[in-house]
Amino acid sequence: MRLLTPAALVATAALLLSACGTTENTAAVPSESAASGPVTLTDARGKAVTLKAPAKRVVALEWGEAEMVASLGVMPVGAADVAGYNVWDKAAPLTAEVKDVGKRNEPSVDAIVGLNPDVVIMAEERDSTLVPQIEKYVPVVVTKSSDASRNFDRLREDFKLIAKTVGKEAEADKQLSEMDAKLAEGKKAVEAKGAAGTPFLMADGYLEGSTVSIRPFGKGSLVSDTAEAVGLKNAWTGKVDPQWGLGQTDVEGLTTLTDPKTVLFYSAAEEDVFTTGLAQNAVYQRLPFVVSKKIHKLEAGTWTFGGPKSIILTADQIVKVITA
């Protein structure tokens with residue numbers, strides 16, 4: 001399966017295009033909001049959205065948002081591409097009861113409405129024709145989803161927005177504090193190892209016929225911000241898009257990375273181009289991180305566009321590699 005960001009489903013042809021690693025169910029956490037109290041919030045569109053009460057029946061149309069909802073102890077009644085989520089995001093597992101409402105780029109309005117949700121939570125790039133269709137029947141809360149100029153601040157805002165929507169604001173504050181503590185702990189460990197400033201490349205890739213395309217996560221991407229928060233330095237300086245911080249290159253484009261200390265972290269599921277598609281590529285074999293064998297695959301289910309739980313999972317893996 002080819003890895004796609006939320007935006008890449010719509011814009012792959014252009015250059016667009018996170019220790020616990022806890023996955024425990026937090027459903028036992030009591031609601032902090034009165035069950036019948038109205039909720040008014042302002043979403044990423046700047047639109048005021050009013051709910052009769054904190055949402056209990058939620059449909060999430062993006063994996064990062066689905067993860068955030070589930071991690072707060074409110075299992076969505078529906079989500080887009082549940083099977084894909086279960087492969088790519090293990091930070092907050094969805095139960096078997098969560099209904100699939102279609103593809104992330106083309107969910108079924110009928111399937112969504114049929115679940116009788118209190119609210120639909122969706123990412124900003126879907127805010128075109130889909131939002132008004134759904135809003136005829138169900139309130140919609142739109143998140144920013146990514147912003148390469150301020151991704152950690154953006155994540156906090158999205159998470160708190162979702163938490164207010166479902167009445168779990170105290171739980172959100174707790175998770176954000178855990179995330180901050182994990183990053184600070186990781187940075188301290190990296191510094192103690194004398195590895196602060198270690199250059200890294202974070203990437204994923206895919207095959208198009210016999211051609212390998214590589215997507216570096218540039219500065220400002222969520223996983224780059226995570227790695228830099230624990231003391232590493234992003235070695236990729238090529239062009240990236242302003243929303244996701246993602247670039248696109250071929251193997252030759254990686255030859256600009258010459259520091260022998262560079263470490264490659266990569267994400268892959270069924271299609272691991274870094275061990276299959278590039279196994280016989282002479283240019284790839286001469287890259288510094290290949291020569292030094294500093295190549296590390298992120299654990300399956302490490303979603304690179306997730307919430308605090310994913311950040312913790314990602315940070316743990318990075319720190320473990322760098323301090324080994």
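## Basis of the model

A residue is called buried when its relative accessible area is under 20%, exposed when this is over 50%, and partly exposed in between (1.4 Å probe, protein chains only). The structure is a predicted model, in which local features require pLDDT of at least 70 and side-chain atom pairs pLDDT 80 or more, while totals for chains, interfaces and linings use all residues. Residues are numbered from 1 along each chain as its sequence is written, and side-chain values rest on heavy atoms, without hydrogens or water.

Strand β6 covers residues 119–123 (strands are DSSP runs of E, at least two residues; helices are runs of H or I, at least four; both are numbered from the N terminus). Five of the five residues of β6 are buried, and the strand is accordingly described as mostly covered. The cover extends to both faces: V119, I121 and A123 are buried on one side, and V120 and M122 are buried on the other.

Strand β3, residues 58–60, runs parallel to β6 and is joined to it by three bridges. Within this pairing, A60 has I121 of β6 as its bridge partner. Strand β7, residues 140–143, also pairs with β6 in the parallel sense, here over four bridges. M122 finds its bridge partner in V142 of β7.

## Salt bridges

The whole structure contains 14 salt bridges (a side-chain nitrogen of Lys or Arg within 4 Å of a carboxyl oxygen of Asp or Glu). In the bridge between R45 and D43, the closest N and O atoms are 2.7 Å apart. R45 is partly exposed at 24% relative accessible area, whereas D43 is buried at 6%. R45 and D43 also belong to a network of salt bridges that includes K47 and E135.

K144 and E124 form another bridge, with 3.2 Å between the closest N and O atoms. Since K144 lies in the loop between β7 and α6 (151–166), and E124 in the loop between β6 and α5 (130–135), the pair ties together parts that are 20 residues apart in sequence. K144 is partly exposed, with a relative accessible area of 30%, and E124 is partly exposed at 25%.

In the bridge between D272 and K297, the closest N and O atoms are 3.5 Å apart. D272 is in the loop between β11 (263–267) and α9 (282–285) and K297 is in strand β12 (residues 295–297), so this pair connects parts 25 residues apart in sequence. D272 is buried at 10% relative accessibility, while K297 is partly exposed at 41%.

## Aromatic pairs

Eight aromatic pairs are found in the whole structure (ring centres of Phe, Tyr or the six-membered ring of Trp within 6.5 Å; planes under 30 degrees apart are stacked, over 60 edge-to-face, the rest tilted). The rings of F274 and Y284 have centres 6.5 Å apart and planes at 50 degrees, so this pair is tilted. F274 lies in the loop between β11 and α9 and Y284 in helix α9, so the pair ties together parts that are 10 residues apart in sequence. F274 is buried, at 6% relative accessible area, and Y284 is buried at 2%.

Elsewhere, ring pairs link W63, W88, F217, W244, W303 and F305 into a cluster.

Terms used: Pairing = 2+ DSSP bridges.
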